[in-house]
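Let's look at how the two chains meet.

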Number of protein chains: 2
Amino acid sequence: MTDPLPTGATIGILGGGQLGRMLSVAAARLGLRTHIYEPGSNPPAADVAHAVTTAPYDDVKALTAFANSVDLVTYEFENIPTEALDIIEAITPIHPNRRALGTSQDRLVEKNFLQDIGLKVAPFADITNDASLESAIASIGTPAILKTRRFGYDGKGQSRLNTSQDAATALADMAGAPAILEGFVNFSIEISIIAARNPQGQVACYDPGENIHRDGILHTTTVPATIPSRLRTDAVLLAAKILNTLEYVGVMGVELFVTPQGLIVNEIAPRVHNSGHWTQNGCAVDQFEQHIRAIAGWPLGDGGRHSDVVMENLIGADMDKVPALAKEPNCAVHLYGKVETKAGRKMGHVNRIKS
Amino acid sequence: MTDPLPTGATIGILGGGQLGRMLSVAAARLGLRTHIYEPGSNPPAADVAHAVTTAPYDDVKALTAFANSVDLVTYEFENIPTEALDIIEAITPIHPNRRALGTSQDRLVEKNFLQDIGLKVAPFADITNDASLESAIASIGTPAILKTRRFGYDGKGQSRLNTSQDAATALADMAGAPAILEGFVNFSIEISIIAARNPQGQVACYDPGENIHRDGILHTTTVPATIPSRLRTDAVLLAAKILNTLEYVGVMGVELFVTPQGLIVNEIAPRVHNSGHWTQNGCAVDQFEQHIRAIAGWPLGDGGRHSDVVMENLIGADMDKVPALAKEPNCAVHLYGKVETKAGRKMGHVNRIKS
């Protein structure tokens with residue numbers, strides 16, 4: 001059991017995007033420094049970090065120096081090469097742990113894990129070739145989605161099968177990557193729960209948010225979600241089960257489908273999550289600080305909410321709305337400092353405080 | 001009338017303490033970068049800044065390079081040498097403007113300014129020698145406080161006269177610095193109002209907070225203050241008068257005494273103010289973002305409050321309370337990353353959210 005990190009200690013963060021940026025600000029609020037490791041130049045997190053390393057994930061020397069310069073390492077995305085993690089972990093702890101990362105990096109491993117601990121998931125099958133896809137379609141039916149096992153996010157690496165005739169095209173879309181076929185779930189709404197666990201085993205959850213996607217990217221999260229209190233309890237219990245089983249340390253985002261049969265786990269993300277951004281303006285301790293508290297061995301915030309919030313992402317040309325949003329009462333604007341606006345690029349978000 | 005600063009633009013901040021640190025975080029939230037100029041090494045603001053210059057305020061080359069690297073300059077403290085400001089202002093705009101800074105840098109100039117625009121201040125007199133002090137005591141009476149005209153903060157540069165017999169000692173305490181004698185004001189409570197004005201002339205105020213000091217340093221600010229609504233209106237009107245007269249751009253803290261004769265202005269600070277820290281957990285737009293919005297030409301937040309808050313400073317050994325505070329529900333901890341704890345040093349603050 002580690003002592004809390006003292007003032008002035010440094011947290012290494014793999015990835016310099018907006019999540020790393022907001023983690024860095026949260027670390028500073030607790031008197032901690034951050035060191036960002038990011039291959040790309042001018043990463044958003046660099047604007048608010050104590051130190052930045054610009055190097056690829058196969059640069060052994062840079063990874064070694066980075067790991068030696070920090071007190072522990074965390075990450076803002078899950079697709080980190082295993083070799084990089086091996087180098088770092090030989091020097092300094094990584095939170096959340098390798099098992100959590102390995103589980104969430106592979107859709108097949110993740111689904112099997114969730115099923116093994118008694119949670120419901122969408123019907124799925126391991127796809128390695130034409131024959132396994134054909135037999136999966138026969139058992140799961142269509143419509144269904146073929147997804148790469150690894151490296152997917154925001155709808156990338158996915159191909160929809162409306163009928164069995166789409167099988168060949170969909171498999172070609174995978175470009176030889178290992179894949180799984182997922183059946184569709186008949187759900188009323190999607191919610192997500194942001195949960196945290198610290199090394200002392202303390203678990204805390206925020207109230208679930210209700211998510212609406214557009215073009216495969218999160219559009220809004222509304223808190224509270226329109227679900228009965230029994231489902232809130234279910235969401236908290238299943239999140240706690242996942243975290244405890246993985247001996248998880250940090251914040252996790254768990255996406256859930258609300259169905260007549262109860263909650264079905266869509267996916268887990270071993271990091272702060274876009275659907276938890278509302279906590280910045282709804283809670284005394286937001287998800288970013290909660291993650292830093294967890295990995296730094298601090299007591300967790302209790303997840304309590306002082307205000308209801310609707311979070312809305314600003315994607316690409318949504319930046320044009322910023323001047324109007326800045327004038328809106330009770331609207332908190334959060335921009336990521338990205339100078340280049342691109343279609344589909346997450347540029348910022350707003351939190352509308354509702355009460 | 002300037003256009004709003006675009007994403008990726010850089011704000012220069014003179015001073016790298018906790019105010020610069022929190023301004024820097026607020027700038028990042030709006031997609032802006034900061035460049036900190038600070039003579040001391042390892043300033044708190046450096047942990048969250050895009051760039052840092054470590055150089056004294058008489059380093060012409062460093063000041064010139066700094067001014068050339070930013071889109072505009074602001075400051076976190078008022079005692080900046082005039083020569084440094086001259087160098088910077090020849091290159092890039094400074095907000096708040098020189099008149100505001102000059103007024104607040106000198107207690108005599110400040111008192112005369114406030115009186116000239118019709119506001120009430122404590123009885124005061126310019127003190128240049130024994131004779132002027134003797135005559136000031138005769139008119140103002142004792143107890144009174146002798147204060148240096150410049151470079152005072154948190155009770156420094158002040159000497160109390162309980163009777164006229166303390167005059168010689170008090171004058172010796174000033175060490176030859178120009179001073180003013182201030183009479184005591186019979187006040188019930190001290191409040192402060194945090195006000196902002198942007199280049200378009202828009203003015204916005206937060207609800208006044210009620211301040212309690214310990215050992216000459218702010219201890220707590222409670223919002224709302226226990227004052228009748230008529231005094232809230234008075235506070236807003238007088239703050240707006242000060243800002244408009246000075247053609248001020250940025251956030252100002254105005255300390256006020258509540259007396260049977262109404263509000264008496266204690267002092268003004270041309271910057272974000274310790275008594276405005278509560279806004280971080282009470283408002284969609286806090287005082288730091290409000291200052292950045294003002295100087296960057298953004299629309300101002302309206303000053304609305306979603307929660308009542310009690311802010312408490314963590315001074316010196318108060319840091320020992322942090323583990324307990326971190327466990328307290330609805331308590332937001334803000335630390336400044338200062339590794340060395342010293343008596344009287346501001347190490348952080350907490351905001352307790354009350355509703």
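A polar contact here is a pair of N or O atoms within 3.5 Å; within protein, one must be able to donate a hydrogen and the other to accept it, and residues adjacent in sequence count only if both atoms are side-chain atoms. By that rule, chain B and chain A share 10 residue pairs in polar contact, both residues at pLDDT 80 or more.

This is a predicted model, where local features need pLDDT of at least 70, side-chain atom pairs count only at pLDDT 80 or more, and totals for chains, interfaces and linings use all residues. Residues are numbered from 1 along each chain as its sequence is written, chains are lettered from A in the order in which they are written, and side-chain values use heavy atoms, with hydrogens and water left out.

Here's the interface in brief:

| Item | Value |
|---|---|
| Contact residues (heavy atoms within 4.5 Å), chain B | 40 residues |
| Contact residues, chain A | 40 residues |
| Buried area (accessible area, 1.4 Å probe, lost on being put together, summed over both) | about 3200 Å² |
| Carbon and sulfur atoms' part of the buried area | 57% |

Two salt bridges (a side-chain nitrogen of Lys or Arg within 4 Å of a carboxyl oxygen of Asp or Glu) turn up across the interface of chain B and chain A. One joins the side chains of A:Arg33 and B:Asp47, at 3.2 Å from N to O.

Key. Buried area = accessible area lost by both parts, 1.4 Å probe.
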